[in-house]
Amino acid sequence: REEFPRKLRKILEDHGDLAAWCSRGRSVTIRDRDAFSRDVLSIFFNSTAGLRAIAQRQRMFESFARQMNYYGFFKDKRAAEGTHVFVCRDERVTQPAHFEQRLRRRVSATTRYRE
């Protein structure tokens, strides 16, 4: 089973029109939440049967945002309207190739990470 950092890297490599990495800001930018959820998240993550399409996309994006937080990203509240920017807390992550090596899932609400 693929881990989230690997999936995130693949998303950025294959879907740069909807999700882009900014090395200067160590951030991932989602330009269109609806299109990203519909066209990207549905490919990389399991969808929930029985939910209406809009509710399912909303839930998938919320889950994606939660995973980003678990792996050391925080949402930039200053992002432009309609854009979602997730900034990496780890300053050593300067490109998606570092995701698998550097990103670790937090195990609790504190800042401890799995080894």
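The model is predicted, so to speak of a local feature takes pLDDT of at least 70, side-chain atom pairs count only at pLDDT 80 or more, and totals for chains, interfaces and linings use all residues. Residues are numbered from 1 along each chain as its sequence is written, and side-chain values use heavy atoms, with hydrogens and water left out.

**Exercise 1.** Find out whether Phe36 is buried or exposed, and which residues it touches.

*Solution.* (A helix is a DSSP run of H or I, at least four residues, numbered from the N terminus.) Next, look at its surface: the relative accessible area is 0%, so Phe36 is buried (buried means under 20%, exposed over 50%, partly exposed in between, with a 1.4 Å probe and protein chains only). Finally, list the neighbours. Leaving aside residues up to four places away in sequence, Phe36 touches Ile11, Leu18, Ala19, Ile30, Leu41, Phe61 and Phe64 (contact means heavy atoms within 4.5 Å).

**Exercise 2.** Describe how α1 and α2 pack, and which residues make the contact.

*Solution.* First, take the geometry: the angle is about 135 degrees and the axes are 11 Å apart. (Axes are lines fitted to C-alpha atoms, for helices over the stretch in contact, and angles run from 0 to 180 degrees between N-to-C directions.) That makes α1 oblique to α2; angles under 35 degrees count as roughly parallel, over 145 as roughly antiparallel, 65 to 115 as roughly perpendicular and the rest as oblique. Then name the residues: α1 contributes Lys7, Lys10 and Ile11, while α2 contributes Phe36, Val40 and Phe44.

Methods
Helix = DSSP H or I, 4+ residues; strand = E, 2+ residues; numbered from the N terminus.
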